[in-house]
Amino acid sequence: MSGPLISMSAVTRSYGSPPTVALRHVDLEVERGEMLAIVGPSGSGKSTLLNLMGTLDRPSSGDIRIAGHDTGAMNDAELSALRAYTIGFVFQQYHLAEGVSALDNVATGLLYTGVPLRERRARATVALERVGLAARARHRPRELSGGERQRVAIARAVVGEPPLILADEPTGALDTRSGAGVVSILAELNAAGTTVVVITHDPQVAERMPRQVAIRDGELVGDSRPDAAPGFADRLVGAAS
Ligand code: ADP
């Protein structure tokens, strides 16, 4: 499918009454195959932006297209299906189930796709190999280090081979070395074709990404891809033909 993987146009999100504006008139496009960091201080709107990109939340106004789908025209069941096949989520606190093995934690990433258990486990094994944790498949989360837990969470996010990974402060709970390992795995996934969006307030993490988008007080205030304005892709296609 052609066109950007994520396209946000004039997106505003406000909460409550009188409204607190968390995100103001944001235009942002992410092309297939990109890897970018969204950087900004606490409270600047990063999580709000990621939740909107991930269709976990709806904008107060503006349009969001994911993989060509106009999310504003979709009901909650349709958005759930879009998420299940298109987006893998990674969170700061891993969100792993404590009572089950790394393998079964990863296999839950396929629960909503109707894949039978045997195949879920087979594919989970492959996903754990991708993050270098095949030897830890039978371990429970509490038997793993923070960096290993986050790698299990990444394996769960990619087991369904979604085109997009959204990561909210994936290194926020890790020491520098484990965090660097997590960023390396995300970079490998990106090199293999997955589009990766990472929220971070850590400049060292951000500078390892090919593109940085800066947000402050709910507004985009910087983009290291200066030609990333809406319509950029159209102009590229126009220039190439
Ligand atoms: P960040 O991820 O950069 O720390 P957030 O997106 O979490 O920022 O928050 C941006 C702003 O929106 C903050 O002022 C925050 O207090 C406000 N906000 C976020 N979520 C809610 C909510 N559910 N209700 C009210 N205000 C919210």
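Start with the residues around the ligand: by class, this shell has three nonpolar, six polar and one charged residues. Here Ala, Val, Leu, Ile, Met, Phe, Trp, Tyr, Cys and Pro count as nonpolar, Asp, Glu, Lys and Arg as charged, and the others, Gly among them, as polar. This is a predicted model, in which local features need pLDDT of at least 70 and side-chain atom pairs pLDDT 80 or more, while totals for chains, interfaces and linings use all residues. Residues are numbered from 1 along each chain as its sequence is written, and side-chain values use heavy atoms, without hydrogens and water.

**Stop 1: the ligand**

Select Y15, A22, P41, S42, G43, S44, G45, K46, S47 and T48, which surround the ligand (each has a heavy atom within 4 Å of it). Which element gives the most to this shell? Helix 1 does, with three residues.

Now zoom in on the polar contacts (pairs of N or O atoms within 3.5 Å). A polar backbone atom of G43 is 2.7 Å from an oxygen atom of the ligand. For K46, a polar side-chain atom lies 2.9 Å from a ligand oxygen, and for S47 a backbone N or O atom lies 2.8 Å from one. Of the 560 Å² of accessible area that the ligand has on its own, the protein covers 57% (Shrake-Rupley method, 1.4 Å probe).

**Stop 2: the sheet**

Next, show the strands (DSSP runs of E, at least two residues; helices are runs of H or I, at least four, and both are numbered from the N terminus). Six of them form an open sheet with mixed pairing, in the order 6-7-8-3-9-10. Two strands pair if DSSP finds at least two bridges between them. At the edges, pairing on one side only, are strand 6 (87–91) and strand 10 (219–223).

Select residues 35–39 and 195–200: these are strand 3 and strand 8, paired in the parallel sense over five bridges. Click on L36 and look for its bridge partner in strand 8, V197.

**Stop 3: the hairpin**

Move to strand 9 and strand 10, which run antiparallel and are joined by four bridges. They form a hairpin with two residues between them, and D217 in the turn has a positive phi of about 50°. R216 has E219 in strand 10 as its bridge partner.

**Stop 4: back to helix 1**

Finally, select residues 46–53. This is helix 1, lying across strand 3, strand 6, strand 7 (164–168), strand 8 and strand 9 (211–216) (contact means heavy atoms within 4.5 Å). Helix 1 runs at about 155° to strand 8, with axes fitted to C-alpha atoms, for helices over the stretch in contact, and angles from 0 to 180 degrees between N-to-C directions.

Technical notes
Polar contact = N/O pair within 3.5 Å; in protein donor to acceptor, adjacent residues only side chain to side chain.
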